[in-house]
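I opened my notebook to write down what I looked up here.

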Amino acid sequence: MGRYVDVTTSINLDQRPGWMDGTGVHPALRLGAHLATLHLALATSPIRGLLADRIALLAAIKNLSRAGRTETLADLRDMRMLDEPAGPAAPILSAWTWLSHLPWEETAATRFRRDRSEIGKELADPRHLSRLQSVTFDLGLRDPTRAANLAFSSGAAAALSCPLSAAGTVIDATIELPVPVRLFAIDYVIGRCCGWPLPIYSLGLGRRASPQPHFEAIAEILLAGVVEVTRILHPLTARASDLLAAAHQVRTAQRHAVIARILAQDAVCPAGLCDLLPPRHSRRLLLRLVNLGALRELTGRPTYRLYGL
Amino acid sequence: MSMEISVPFDRELRDWPEEQRMREWMMRVEAVIFASSRPVPSKILSAVIGSTVPVETVIAALLEELRPRPYELVHVAGGWQLVTRQRYSVLLRSCLGKEGREYDLSRREIELLAVIALRQPLTRRDCEAILGRAVNGDDIGRLRGIGFIATGHRRPGPGAPYTFITTDLFLEHFQMNSLDDLYALQAQKQDFG
């Protein structure tokens with residue numbers, strides 16, 4: 001009688017492997033597993049826009065506190081609400097907001113970029129390049145030749161296929177630049193390398209730490225960033241499915257467009273929906289969604305309210 | 001600063017001897033900075049020298065050149081400016097008085113400017129809360145008139161008040177390159193108690 005392996009009693013493959021969160025495991029290995037898991041979660045997620053926007057705000061808060069400022073999430077939301085942000089916090093806020101508006105790669109198949117044509121196209125776009133330069137200028141890189149060099153070296157690094165070596169290259173290349181510019185360049189390069197507009201590096205970097213070019217250090221910081229993103233993604237996904245379910249309980253015209261917009265950005269205000277609905281209608285729709293428990297009012301104010309997940 | 005180089009001139013100086021060419025570039029950079037009333041950004045300076053040499057090299061040579069002079073080249077508000085050295089400030093103030101770029105600010109206005117500079121962006125109500133007194137609209141108007149402060153984004157709340165922020169002219173007048181210099185100065189003061 002032949003021997004066979006009983007597949008019904010084998011290990012449970014639905015759970016993720018224990019070494020992904022083990023302490024003795026090399027950070028690069030754990031990072032790879034976490035990146036792949038997050039990639040699959042993002043591929044089907046309806047809230048990528050919201051996630052990118054919120055992560056950008058959180059990274060901006062972290063970078064501002066590194067620069068000795070005390071802005072909170074609510075402050076940054078308010079800064080963007082009525083006007084263009086201004087003042088000392090504005091360069092960091094607009095830099096990371098710009099980063100979060102860069103394109104996502106559409107499918108998993110395009111992620112691993114065998115040829116470098118795509119990033120080349122993006123950098124060859126003069127608008128993209130000049131925006132990149134003006135963002136680094138505002139962050140404190142006042143010298144135009146160095147800003148141009150940084151833009152080109154970031155583009156070259158982002159075309160590398162391995163995020164770790166891309167990060168190492170850009171950390172080495174920016175060693176004498178101001179810290180916000182460095183972190184922005186690293187976030188840009190890693191984001192373009194993975195195809196995500198998520199600033200993973202500056203999210204994972206400790207408040208008092210400075211970027212180190214060793215692979216292990218980079219992997220540990222990226223790992224912390226990816227874990228943070230995952231931690232934020234899961235509750236948001238649950239709330240997003242509640243919101244999508246609640247869409248059947250409201251009858252306003254344009255409700256699907258409004259919900260799509262809520263899922264695409266960090267917070268919406270009724271005035272921001274005026275291209276879809278009259279202000280009174282959008283306010284009523286948002287209030288109704290709050291009453292159904294599908295949406296939250298984020299400010300706690302009686303006026304100038306902001307709604308989001 | 002709107003400065004356009006409309007008349008074509010020889011930037012590269014290809015037929016000049018090496019030594020003389022560098023001297024001429026240094027002279028040109030100094031002339032532009034000397035003639036300008038505002039700090040001159042590197043972008044403009046790099047347009048008057050040859051394209052092969054970085055503007056930092058010329059600036060470094062010029063800094064070395066100006067070492068024995070009573071004035072120096074400083075980097076303020078994102079540009080380069082010629083100013084007299086710090087140690088002649090008392091001398092200049094005593095013999096020239098309020099001539100030049102001195103702004104006659106009252107004590108109240110200076111307090112207000114300090115609060116706005118350190119805690120920006122903030123509204124007039126915030127200033128009043130910090131200073132513990134009413135802030136006169138005229139004081140704000142005067143600081144805005146000089147150009148030390150400007151309005152920033154509006155604050156959501158009753159009346160949607162404007163916030164105030166400092167400008168590049170403020171940085172220039174107080175010889176700072178960025179607001180980080182101000183916060184560093186504040187931290188230093190706190191260290192001394």
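Is A:C269 buried or exposed? I found A:C269 buried, with a relative accessible area of 18%. Buried means under 20% relative accessible area, exposed means over 50%, and partly exposed lies in between (1.4 Å probe, protein chains only).

Ground rules next. I am reading a predicted model, where local features need pLDDT of at least 70, side-chain atom pairs count only at pLDDT 80 or more, and totals for chains, interfaces and linings use all residues. Residues are numbered from 1 along each chain as its sequence is written, chains are lettered from A and ligands numbered from 1 in the order in which they are written, and side-chain values use heavy atoms, with hydrogens and water left out.

**Entry: cysteines.** I looked for disulfides, meaning pairs of cysteine sulfur atoms within 2.5 Å. The count over all chains is 0. I checked A:C162, which is in no disulfide; its nearest cysteine sulfur belongs to A:C193, 7.1 Å away. A:C162 is partly exposed, at 33% relative accessible area. I then went back to A:C269, which is in no disulfide either. The nearest cysteine sulfur to A:C269 is that of A:C274, 8.6 Å away.

**Entry: an aspartate in chain B.** Where is B:D139 found? I located B:D139 in helix α7 of chain B, residues 137-146. Helices (H or I, at least four residues) and strands (E, at least two) are DSSP runs, numbered from the N terminus. B:D139 counts as buried, at 4% relative accessibility. I listed its contacts (heavy atoms within 4.5 Å). Neighbours within four places in sequence aside, B:D139 touches B:R108, B:E109 and B:L112. The side chains of B:D139 and B:R108 are joined by a polar contact of 3.1 Å. A polar contact is a pair of N or O atoms within 3.5 Å; within protein, one must be able to donate a hydrogen and the other to accept it, and residues adjacent in sequence count only if both atoms are side-chain atoms.

**Entry: chain A against chain B.** How many residues does each chain bring to the contact? I noted 17 residues from chain A and 18 residues from chain B. The buried area between them is about 1,400 Å², with 63% from carbon and sulfur atoms. Buried area is the accessible area (1.4 Å probe) that two parts lose on being put together, summed over both. I saw 1 residue pair in polar contact across this interface, both at pLDDT 80 or more. On the side of chain A that touches chain B, α3 (73-82) and α7 (144-158) of chain A give two or more residues. The largest share, 4 residues, comes from α3(A).
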